[in-house]
Amino acid sequence: MWTLAEIAHHIGGVVQGDEQYQVKGIATLQGAQSEQLSFLSNKKYKKYLADSSAGAVIVSSDMATFVAKHAIIVDDPYVAYAKAASLLNPIASSATGIHSSAYIAADANIDPTASIGPQAVISAGVTIANNVVIGPGCVVLDNVSIGESTRLTANITLCEGVKLGKRVVIHPGVVIGADGFGIANDHGAWIKVPQIGSVVIGDDVEVGANSTIDRGAIEDTIIANGVKLDNQIQIAHNVIIGENTVIAGCVGIAGSTEVGRNCVIGGGVGIAGHLSIADGVLLTGMTMVTKSIRSSGSYSSGLPVEPTSQWHKNVVRYRQLNKLVDRVKQLEIANKDN
Amino acid sequence: MWTLAEIAHHIGGVVQGDEQYQVKGIATLQGAQSEQLSFLSNKKYKKYLADSSAGAVIVSSDMATFVAKHAIIVDDPYVAYAKAASLLNPIASSATGIHSSAYIAADANIDPTASIGPQAVISAGVTIANNVVIGPGCVVLDNVSIGESTRLTANITLCEGVKLGKRVVIHPGVVIGADGFGIANDHGAWIKVPQIGSVVIGDDVEVGANSTIDRGAIEDTIIANGVKLDNQIQIAHNVIIGENTVIAGCVGIAGSTEVGRNCVIGGGVGIAGHLSIADGVLLTGMTMVTKSIRSSGSYSSGLPVEPTSQWHKNVVRYRQLNKLVDRVKQLEIANKDN
Amino acid sequence: MWTLAEIAHHIGGVVQGDEQYQVKGIATLQGAQSEQLSFLSNKKYKKYLADSSAGAVIVSSDMATFVAKHAIIVDDPYVAYAKAASLLNPIASSATGIHSSAYIAADANIDPTASIGPQAVISAGVTIANNVVIGPGCVVLDNVSIGESTRLTANITLCEGVKLGKRVVIHPGVVIGADGFGIANDHGAWIKVPQIGSVVIGDDVEVGANSTIDRGAIEDTIIANGVKLDNQIQIAHNVIIGENTVIAGCVGIAGSTEVGRNCVIGGGVGIAGHLSIADGVLLTGMTMVTKSIRSSGSYSSGLPVEPTSQWHKNVVRYRQLNKLVDRVKQLEIANKDN
């Protein structure tokens, strides 16, 4: 249980109502029970304020008069909710030390405050800093280094020599440092190009479930500080992702492409190789990027859903565009002749 | 070996020919050897009936006269084949009990009829019902509950508090309950929004290899009874999938979207967040869904493949559509003036 | 350290300069230090030749005069670089034998030269040939057979009965042989079609991280010799991929489709089921293939990225194509009447 005063202090807000009122969890406006804290960040949910059973609500100042019970008034209710939720739902601490069923190579260097879970594998030459958590079933291959307070949940693979910064969060099934897709055609047969670079992940990076980040061909693949990656993202060899860029699920970025800082990349986007994407670029979902983008702004491609029967017609029209242009040209010529 | 009478009884069909004829496996019409059972469900394969070596064939009544040998006549040969194949290829039973190399938390509650495979991890507070199979290398984190006869093949991760129904089948590499992609921009830096909801999976659900289903931000992500998911599907936080909906591989569904019942979603489809898809919607492969779909029916988007040289021309024409419309407008004005 | 003479011998080149000059690693032209070997395969990087600190450079004969220091002259610098990199960066040998934390079924047949890593699981009836490496956390289910010198890095799942050829390389998180997505609609409910085929992988195949290859419904899914698959590829049941075809990341191929030999499939491509793709087909990234391709050549689809404001306009124009065609028709009629 937390008092509103304690929460307001943590999130940088001001209590409207009883500062000593106690709440015991976060909920949505519609789902909240009394003694729960809710929030209003998207104004379209304002209609739920009046009927909400929430004991207290985080709101911006212009919404404060609409709150029936207690409120915490903040500048940015969504950020404040995130901070309050972190306060009320602390990450369960993991047992310090090495689980008896884990395998640890003799020369691995593991800080005594780290936690290594059941069935994990820590290979030769690995360095693990203080307060790191390596969850069950994770495999950390030779010479990986992991910065302080980084957490690997479960069933993750870090390949040889990968470097992770501090406070990184990696979700299950992620593979970092597998070989990039380097092949050379030797008279018809494809031979492997050894991938001798590595992957360097900065501080405060998050990587979603089953995403993959390949090691570089010669130099390293780089994910800068503060980058947030969703699930099932594929990042090819020698890609560089700039600071604080966020990428939604199912995105694929081909080799050697450099993505700027503070970009927002929507789900399912594909970016071809050897391109450069400027800082501050926003790409809407499923956009196909085949050339570099030199200035910030919002970019898109793709055709939105329509009834299949209409789609069939439009596809035909699209394919006849050339003919249509010719017909217009004929009309223009005829017009001139008149 | 099964007699045709036994199989016909199981699949609800009628034998044409020798009821005591014995078959020992299922095969395609072209691949079948004598003593094997085949089926004809797609009429375009009718041409293979005459030359098939199959000892018996499952067919609909209108095809019965074309079968050279024995037949089982049914209403729906594809469903009947599925049932016959299940009868002839029972799932190998797993050794009951806990493998010596598995790690089981002291307070996990595991039914004695369950099977826990090698190198598996069952964490604190987990409940596993009767006849559940947890395959090798699976990691089941704290407080997960798994309903009866559910099967996890191998290397699967179930995160904290996830609930699985009965007779669920989960394929390798699946991750259920990883954190949803919740971030808030706090003056330029992205901070994490704790994901305190969970995932609830109904009965008779199947989840294909390497698919991911994220836990909810506050409330739960929900997969209803009878949903079938193929491989490499990404389901974001707070998505709800209705009963008996089937989703093909490589589909991504963004956060808080609600998909109806009895939908069929083709491979590679992307659905944006906060949308609602009606019951009975069919989406063809690679469709981009950016707005809600309010009524059942078939929907599509995307441009089909063409030779690259043509594609280049069509892309140029597409980009000049605005100019083309202007040219037509000019012609219309000129025509009026005449 | 290797002399240029040794490297030239290995890659089939001729030394220009000191044959006894020694190098100790591969680097890019820009990143190289003295004593490192670099290469020039893409002529657009010629500008970096003069200033490179590389001790020696692999080049084609027409570039030889531009090399300031030592050179190895070859026909194909990229292939030669791949071979040199393999020579200078040999794969670390794995400890022969079975790690004490692995679980091996009593009747598994493992060659004494094979290496089985920590926490691996080798199930009943598995056959593992000489010099095979099974990395940490891999799960090899019943009756799998693995050919000589094949390497599984870590956390890989091979399902029942899968067959792998010789010198196959499988990256982490890969799942081979999970059930294909076979379902039949039995009066509204979907029932499972047992997947009783398997997967057969040829020699010299590479499979990228988190890719999935499903087992066949009745007959086998087949990946022919020399096929190279990148990360997060989904190959459905009964697909056949021809020899030496290469497939980039995030591609999905639906059931029963047959892809020819020597194809090159770009990232994010989707290919529908039951199609046939000829030998020597090149598909550019994100192409949507909904019909068979009967002859070799380059094929494409999709609309490239543009500013979102333009995209909105173009989408509207696309949707009005039908009306535009009608307007042109009206103009043509009016013109005729004049």
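The legends below describe close-up views of a predicted model.

**View 1. Relation of chain B to chains C and A in the predicted model.** Chain B is superposed on chain C by a rotation of 120° with 0.0 Å of shift along its axis, with an RMSD of 0.1 Å. That is the relation of a three-fold axis. For chain B and chain A, the superposition is likewise reached by a rotation of 120° with 0.0 Å of shift along the axis, and the RMSD is 0.1 Å.

**View 2. The contact between chain B and chain C.** In this contact, 57 residues come from chain B and 60 residues from chain C. On the side of chain B that touches chain C, the elements that give two or more residues are α2 (77-88), β39 (306-307), α3 (308-319) and α4 (321-337) of chain B. The largest share of that side, seven residues, is given by α4(B). Sorted by class, the side of chain B that touches chain C holds 26 nonpolar, 25 polar and six charged residues.

**View 3. Strand pairing between β39(B) and β38(C).** Strand β38 of chain C, residues 297-300, runs antiparallel to β39(B), and two bridges join them. Glu306(B) has Ser300(C) in β38(C) as its bridge partner.

**View 4. Domains of chain A.** Chain A is divided into domain 1 (2-88), domain 2 (97-299) and domain 3 (308-337). Between the C-alpha centres of domain 1 of chain A and domain 3 of chain A, the separation is 57 Å.

View 5. Leaving aside residues up to four places away in sequence, Val140(B) touches Val121(B), Ile122(B), Ser123(B), Val126(B), Ile134(B) and Leu158(B). As general background, nonpolar side chains in soluble globular proteins tend to be buried together.

**View 6. The hairpin of β21(A) and β22(A).** Strand β21 of chain A (residues 183-186) and strand β22 of chain A (residues 189-192) run antiparallel and are joined by four bridges. Within this pairing, Ala184(A) has Ile191(A) in β22(A) as its bridge partner. The hairpin formed by β21(A) and β22(A) has two residues between the strands, and His187(A) in the turn has a positive phi of about 55°.

Conventions:
Residues are numbered from 1 along each chain as its sequence is written. Chains are lettered from A and ligands numbered from 1 in the order in which they are written. This is a predicted model: local features need pLDDT of at least 70, side-chain atom pairs count only at pLDDT 80 or more; totals for chains, interfaces and linings use all residues. Copies are superposed by least squares on the C-alpha atoms of residues with pLDDT of at least 70 in both. Two residues are in contact if their C-beta atoms, placed from the backbone, lie within 7 Å. Ala, Val, Leu, Ile, Met, Phe, Trp, Tyr, Cys and Pro count as nonpolar, Asp, Glu, Lys and Arg as charged, and the others, Gly among them, as polar. Two strands pair if DSSP finds at least two bridges between them. Domain bounds come from an automatic or database domain assignment.
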